[in-house]
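Please read this report with the sequence and the model side by side. It goes through a few strands, helices and loops in turn.

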Amino acid sequence: MPHQTIVIGAGLAGLSAAYELVRAGIDVQVFEARTRVGGRVHTVQLHAGQYGELGAELVDDNHTALITYATELGIELDSASKFPDDLYWFIDGMLHNRMSLTQEQTSALDNLYAKLQSLLEEQKDPQQTLDEWLNVEPIEPFARRIARWLASALFATDSELIGVGFFAYVAGLGNGGGNMRVRGGVSRLVDAFAKHLGERVHTSTPVRRIQQTDETVSVSVETASGLVEVMTDSVIVTLPWSVLRDIPIEAPLINAQREAISSLLYGGVVKTLLQYPHRFWSKSNFGIVLLEGEYQAIWEPTFAQMGTERILSCFSGGTRSLKLCEQASDLALAAVHTIYPDAPEIILSSSHDWNADEWARGAYCYFRPGDLHRFEPYLTLPAGRIFFAGEHTAPLMYRGYMEGAIRSGQRATQQILNLLSE
Ligand SMILES: Cc1cc2nc3c(=O)[nH]c(=O)nc-3n(C[C@H](O)[C@H](O)[C@H](O)COP(=O)(O)OP(=O)(O)OC[C@H]3O[C@@H](n4cnc5c(N)ncnc54)[C@H](O)[C@@H]3O)c2cc1C
């Protein structure tokens, strides 16, 4: 009998793991709670053949695992706004980018980035939130303001919550600068994986319990005809820990692992897409505009799409995103209007609240002061024949990215292959 593995979750971590396991000759079943695959990858079709991303969107130059799969599966990437070249701040009623800042503002930002860089190089995880750190370090008020924006606009949390050690990474220091998008939408990539895996992928089958016995693992899966126990040799769990913490796991997990699963934090994001009949801004591309308020970042995903219609992606992160509820689209429109008061009527809007999403319960993980070092040893540690993957278990520089999810799926597969070769 070939080794059998159950992969729980058909996001990019689960799909890439299953893809690699099949390649290695392992018998795989994937159980996914939603009616669709992709998880936090969620492309939606709007008017006139245009599309937008309610979940993951941008791919960096150094996201080589994703780029390799895209090439293998015949999926093209388009170039997107260059971050940070196309980054604008809407400050005191005016749009600024690096070129239009005063000399003092530029030096304030350079000073902030230099200090973050040294934190990164020293691999420190101080017992300080970003806010506490900003208050004690000699950092100019302008740079503090930008840092606080970045906490919500990049990592979906608040400066009073995120540890400064983790922030040093998410501020982009560990990542490549050039950005790309998946042509046709990122869902094309997950759909291509699912097509390759065929009947091994089961949607609408939430896993309710995982139990390891002496020689096997038993997984309780909810199907249309009730709970079914499926026995297997090993399991890869790719669920966000915000969701996993409510699923009973009877396995030799050590206390520190249980503690990490139960307390790893996830930022909240509401993403709203607004489709306009035409471009109403003067530059060729809307770039990425950071602003203060309910939405903290707005950009254009239609840069490389056909048609005169244009979409703006509006991103609300952190505790502010938790309060938008049904008003999300109206508040996104209001945010665009503060920058462009003459913006035309929209054709369509579409929104997703990742915090309220029962299969995600947040956008991506972040770390409180000290938690980065505290949890690190346990993120990838198996418990017997139960292995963990998902964005949150990825190498630090890819955590919170699709690349991280993919690399974690590949790593979990390798852990199983290592077990088999022992
Ligand atoms: C708004 C937003 C914007 C983002 N932007 C970017 C970006 O621009 N670039 C980038 O690289 N990354 C971005 N990300 C991050 C990226 O989406 C994630 O890192 C990645 O998709 C996570 O993949 P995963 O497989 O780890 O988790 P998921 O995609 O969450 O997959 C886990 C799967 O498990 C399923 N599941 C949950 N509970 C159960 C259960 N009980 N039984 C069975 N299945 C279950 C879920 O439905 C889900 O499909 C963004 C994320 C969000 C939310």
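Asp-60 stands opposite Asn-179 in strand 9. The model is a predicted one: local features need pLDDT of at least 70 and side-chain atom pairs count only at pLDDT 80 or more, while totals for chains, interfaces and linings use all residues. Residues are numbered from 1 along each chain, as its sequence is written. Helices (H or I, at least four residues) and strands (E, at least two) are DSSP runs, numbered from the N terminus.

**Strand 9 and its partners**

Strand 5 (residues 58–60) pairs with strand 9 in the antiparallel sense, over three bridges. Two strands count as paired if DSSP finds at least two bridges between them. Strand 6 (residues 77–79) also pairs with strand 9 in the antiparallel sense over three bridges, and Leu-77 stands opposite Val-182 in strand 9.

A residue is buried if 20 or more other C-beta atoms lie within 10 Å of its own, exposed if 12 or fewer, and partly exposed in between; the C-beta atoms are placed from the backbone.

Strand 14 and strand 23 run parallel and are joined by three bridges. Val-237 stands opposite Phe-388 in strand 23.

Another open sheet has four strands in the order 13-12-11-15, and its pairing is mixed. Strand 13 (226–232) and strand 15 (249–250) are the edge strands, each pairing on one side only. Strand 12 (residues 217–223) and strand 13 run antiparallel and are joined by seven bridges. Ser-218 stands opposite Met-231 in strand 13.

**Helix 1**

Helix 1 (residues 12–23) has 12 residues and reaches 16 Å from its first C-alpha to its last, close to the 16 Å expected at 1.5 Å a residue. The expected span is 1.5 Å times one less than the number of residues in the helix.

Why is helix 1 described as largely enclosed by the rest of the structure? The reason is that 10 of its 12 residues are buried. Among them are Leu-12, Leu-15, Tyr-19 and Glu-20. The elements that cover the buried residues of helix 1 include strand 1 (4–8), strand 2 (27–31), helix 7 (187–197) and helix 12 (402–421). Contact here means that the C-beta atoms of two residues, placed from the backbone, lie within 7 Å. Just after helix 1, Gly-25 takes a positive phi of about 85°.

**Around the ligand**

Of the 40 residues around the ligand, Gly-9, Gly-11, Gly-39, Ala-56 and Ala-405 come nearest. The elements giving two or more residues to this shell are helix 1, strand 17 (269–276) and helix 12. A residue is near a molecule if its C-beta atom, placed from the backbone, lies within 6 Å of it. Helix 12 supplies the largest share of the shell, four residues. The shell divides into 24 nonpolar, nine polar and seven charged residues. Here Ala, Val, Leu, Ile, Met, Phe, Trp, Tyr, Cys and Pro count as nonpolar, Asp, Glu, Lys and Arg as charged, and the others, Gly among them, as polar.

The domain assignment gives domain 1 (4–40 + 187–263 + 374–421) and domain 2 (87–173). Such bounds come from an automatic or database domain assignment. The C-alpha centres of domain 1 and domain 2 lie 35 Å apart.

Ser-118 is in helix 3 (residues 103–122). Ser-118 is exposed, with 11 other C-beta atoms within 10 Å. Ser-118 and Ala-168 are 50 residues apart in sequence and 9.0 Å apart in space, C-alpha to C-alpha.

Most residues other than glycine have a negative phi.

| Residue | Phi | Loop | C-beta atoms within 10 Å |
|---|---|---|---|
| Arg-361 | about 50° | between strand 21 (348–353) and strand 22 (365–366) | 19, partly exposed |
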